[in-house]
Amino acid sequence: MTAEHYFTAEPSAPAERGEIAFNAAGRDYTLVVASGVFSAGRLDPGTAVLLRKGGLPDAATTGVFLDLGCGYGPIASVLATESPQATVWAVDVNSRARELTEENAKRLGLTDRVRVAAPDDVPAEVVFDQIWSNPPTHVGKAELHALLERWLPRLAPDGVAWLVINRHLGGDSLHTWLVGLGWGVERMASQKAYRVLRVRRKTG
């Protein structure tokens, strides 16, 4: 057992590789995973709820999407598969997670549309039509808030963010906090202790 977490930038423990199979939007996926990244043993239940209850784009959807805290890339893989006309940025601080996301994108034939990057490597001028995230609640409230304050303002004016938060780890208080910052927030689903939130800019 090490003191490292999935949000460690450069995991030092050996990468014990495996595969995870799951279904999303009626499609089957098998992705490569490794120790030292988020939820390497199974598709995280929160991610599963987000993919099931969030408003996934379809083949007609265009634009630029962000998978924030991509891990080994399950959300980015689904977004890019469902929306072949869209570009998906997959962002994570964990270098091993980014390598796995690149590998999985290649396996799925998505490398032309999935752009994997460290947070500081995303060009400042890029704005996002959609942001999808199962954010790292275990980093602590202050860091989680800083993460969202950094990326949510990069939504396009009519963009939407889909977030999933465990209510036992502050899902309801995060909802309240976002509203206090002036965002329009709707709880779109609640399942297995997870809240799925849709976040937009307030108008008027």
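**Salt bridges and aromatic pairs**

Six salt bridges are found in a search of the whole structure. The model is a predicted one.

Arg17 and Glu103 form one of the salt bridges, with their closest N and O atoms 2.7 Å apart. The partners come from distant parts of the chain. Arg17 sits in strand β1 (residues 17-24). Arg17 is exposed, because its relative accessibility of 54% is over the 50% cut-off. Glu103, at a relative accessible area of 29%, is partly exposed.

A salt bridge also joins the side chains of Arg27 and Glu82, at 2.6 Å from N to O. This pair again links a strand to a helix: Arg27 belongs to strand β2 (residues 27-34) and Glu82 to helix α2 (residues 74-82). The two residues are 55 apart, in distant parts of the chain. Arg27 is partly exposed, with 39% relative accessibility. Glu82 has 12% relative accessibility, so this residue counts as buried, the limit being under 20%.

Arg198 pairs with Glu186 in a further salt bridge; here the closest N and O atoms lie 2.4 Å apart. Both residues are in strands. Arg198 is part of strand β9 (residues 194-201), Glu186 of strand β8 (residues 183-191). The bridge therefore ties together parts that are twelve residues apart in sequence. Arg198 is buried, at 18% relative accessible area. Glu186 is partly exposed, at 38%.

Aromatic contacts were examined next. The structure holds three aromatic pairs. In one of them, Phe128 and Trp151, the ring centres are 6.4 Å apart. The ring planes meet at 50°, so the pair is tilted. Phe128 lies in strand β6 (residues 128-133) and Trp151 in helix α4 (residues 141-151). The pair therefore connects parts that are 23 residues apart in sequence. Phe128 is buried, with 0% relative accessibility. Trp151 is buried too, with a relative accessible area of 2%.

Trp132 and Trp162 form another pair, with ring centres 5.8 Å apart. Their planes are at 25°, so the pair is stacked, the cut-off being under 30 degrees. Trp132 is in strand β6, whereas Trp162 is in strand β7 (residues 155-166). The pair thus ties together parts that are 30 residues apart in sequence. Both Trp132 and Trp162 are buried.

Terms used: Residues are numbered from 1 along each chain as its sequence is written. This is a predicted model: local features need pLDDT of at least 70, side-chain atom pairs count only at pLDDT 80 or more; totals for chains, interfaces and linings use all residues. Side-chain values use heavy atoms; hydrogens and water are left out. Rings of Phe, Tyr and Trp (its six-membered ring) pair if their centres lie within 6.5 Å; planes under 30 degrees apart count as stacked, over 60 as edge-to-face and the rest as tilted. Helices (H or I, at least four residues) and strands (E, at least two) are DSSP runs, numbered from the N terminus. Buried means under 20% relative accessible area, exposed over 50%, partly exposed in between (1.4 Å probe, protein chains only). A salt bridge is a side-chain nitrogen of Lys or Arg within 4 Å of a carboxyl oxygen of Asp or Glu.
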